[in-house]
Amino acid sequence: MIKLKRKKAKPIIPMSSMSDIGFLLLIFIMLISLMNQRHEVKIEYAEATQIEKTQENDNLEIWIDRNGAISVDGEAMDLRELEGIIVSAITLKPATRVHVIADRNTPYRYVNATVMVLQKLQHRVVSLVVREARR
Amino acid sequence: MMHLRQRRIPDDPGNSGSLNDLSFLLIIFFLVIAGFNINKGFLMNLPDRDRPRVVQTEELLRCSVGADGSLSLEGRPVTEGELSGEIKAMREKFPNMTFLLEIDPETPYDRVVYVIHEIRVLKVENFSFRMSGGEP
């Protein structure tokens, strides 16, 4: 009797689809990061060592430069317009976290004016954004 | 003459193995970039303007920050080191002490951040701040 020996094929894991998956993930993350893109104002951040994460799911960032110019989403505005923006943001999403991002050299009266608007609107919580200092 | 058959050259599929590494490196890059947008700082509770809080004067520590960033406690100029020492001493005496920060309108914001940071480090629960001449 002739003994036929069947040649066993070596198991191969196809890796060619990995690059497709990788690029799909890449496109997904690129789109997400574009959606989350924020309009930054050129400021020098105040620094502190012990800070906490104040980011929430819904956020409203109020930027104040060293000359007291206020902007939200890259649009410059006065206090009256700011009030309207805060009201509409909170009406749409009541859990919106308001962040004040001011330059380290901004005179406090400008920051106070924004805080006063929040107080006027009975908005109790505000995040004062600073950068983590290296120890 | 012997006709030698030419050896068959395998089809070159193109080396795409490095594309995996490249794409995953780019993913890591974008993930890291996305992490830069996270806001960190101090979460402040603003007081109700219509309902001022009553505080016992002996448990109150008043601190002022001048336009030049100079610090003073109860009208007495103090250094940064003295400030934290005084707060610690006051907190030991009155655990429910209230720290009131009065800020000059021209004070640079980073000096205000400095004092808030000290308050947070020293775990003072009752903290209030206002601009000089403004409402608390």
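With which residue does Glu86(B) form a salt bridge? In this predicted model, the partner of Glu86(B) is Arg76(B), and the closest N and O atoms of the two side chains are 3.1 Å apart. The pair links distant parts of the chain, since Glu86(B) belongs to helix H2 (residues 80-93) of chain B and Arg76(B) to strand E4 (residues 76-78) of chain B, 10 residues apart. Glu86(B) counts as partly exposed, at 29% relative accessibility. Arg76(B) is likewise partly exposed, with a relative accessible area of 41%.

Over all chains, the count of salt bridges comes to 10. One of them is formed by Arg120(B) and Glu52(A), whose closest N and O atoms lie 3.4 Å apart. This pair crosses between chains, from helix H3 of chain B, which holds Arg120(B), to strand E2 of chain A, which holds Glu52(A). The relative accessible area of Arg120(B) is 29%, so this residue is partly exposed. Glu52(A) is partly exposed as well, with a value of 35%.

A further salt bridge joins Arg97(A) to Glu56(A), with 3.7 Å between the closest N and O atoms. Here too the pair links distant parts of the chain: Arg97(A) is in strand E6 of chain A, while Glu56(A) is in the loop between E2 and strand E3 (59-64) of chain A, 41 residues apart. Arg97(A) is buried because its relative accessible area of 15% is under the 20% limit. Glu56(A), in contrast, counts as partly exposed at 36% relative accessibility. In general terms, side chains of opposite charge can pair when their charged atoms come close.

An open sheet of 7 strands with mixed pairing has the order E2(A)-E1(B)-E7(A)-E6(A)-E3(A)-E4(A)-E5(A). Strand E2 (52-53) and strand E5 (75-77) of chain A stand at its edges; each has a single partner strand, so one side of each is left without a neighbour in the sheet. E2(A) pairs with E1(B) in the antiparallel sense over 2 bridges, and Lys53(A) stands opposite Lys40(B) in E1(B).

Strand E1 (residues 40-45) of chain B is also paired with E7(A), in the antiparallel sense and over 5 bridges. Within this pairing, Gly41(B) is the bridge partner of Val129(A). E7(A) itself spans residues 125-129 of chain A; 4 of its 5 residues are buried, so the strand is largely enclosed by the rest of the structure. Strand E6 (residues 97-102) of chain A runs parallel to E7(A) and is joined to it by 3 bridges, with Val98(A) partnered by Val126(A). Together with helix H3 (residues 108-120) of chain A, E6(A) and E7(A) make a right-handed β-α-β unit.

Chain B contains 3 helices and 6 strands. Read from the N terminus, its elements follow the order α-β-β-β-β-α-β-α-β. Of the 136 residues in chain B, 39% are buried. Strand E5 (residues 98-103) of chain B is mostly covered, with 6 of its 6 residues buried. In a regular strand the side chains alternate between the two faces of the sheet. In E5(B), both faces are covered: Thr98(B), Leu100(B) and Glu102(B) are buried on one side, and Phe99(B), Leu101(B) and Ile103(B) on the other.

E5(B) runs parallel to strand E2 (residues 60-65) of chain B, to which 6 bridges join it; Ser64(B) stands opposite Glu102(B). Another 6 bridges join E5(B) to strand E6 (residues 126-131) of chain B, again in parallel, and Thr98(B) stands opposite Asn126(B) in E6(B). Between E5(B) and E6(B) the chain crosses through H3(B), and this β-α-β crossover is right-handed.

At the surface, a nonpolar patch is formed by Leu19(B), Leu22(B), Leu25(B), Leu26(B), Ile28(B), Phe29(B), Val32(B), Ile33(B) and Phe36(B), with about 820 Å² of accessible area together. Leu26(B) lies in helix H1 of chain B and is partly exposed, with a relative accessible area of 31%. In the loop between H1 and E1 of chain B lies Asn39(B), which is buried with a relative accessible area of 1%.

For chain B, the mean pLDDT is 82, and 82% of the residues reach 70 or more. The model scores are ipTM 0.75 and pTM 0.75.

Definitions and conventions:
Residues are numbered from 1 along each chain as its sequence is written. Chains are lettered from A and ligands numbered from 1 in the order in which they are written. This is a predicted model: local features need pLDDT of at least 70, side-chain atom pairs count only at pLDDT 80 or more; totals for chains, interfaces and linings use all residues. Side-chain values use heavy atoms; hydrogens and water are left out. pLDDT is the predictor's confidence in each residue, from 0 to 100. Patches are made of residues with over 30% relative accessible area and no salt bridge: like charges are joined within 9 Å, nonpolar side chains (Val, Leu, Ile, Met, Phe, Trp, Tyr) within 5 Å. Accessible areas come from the Shrake-Rupley method with a 1.4 Å probe; for residues, only the protein chains shown count as cover. A salt bridge is a side-chain nitrogen of Lys or Arg within 4 Å of a carboxyl oxygen of Asp or Glu. Buried means under 20% relative accessible area, exposed over 50%, partly exposed in between (1.4 Å probe, protein chains only). Two strands pair if DSSP finds at least two bridges between them. A crossover is right-handed if, with the strands pointing away from the viewer, the path from the first strand over the helix to the second runs clockwise.
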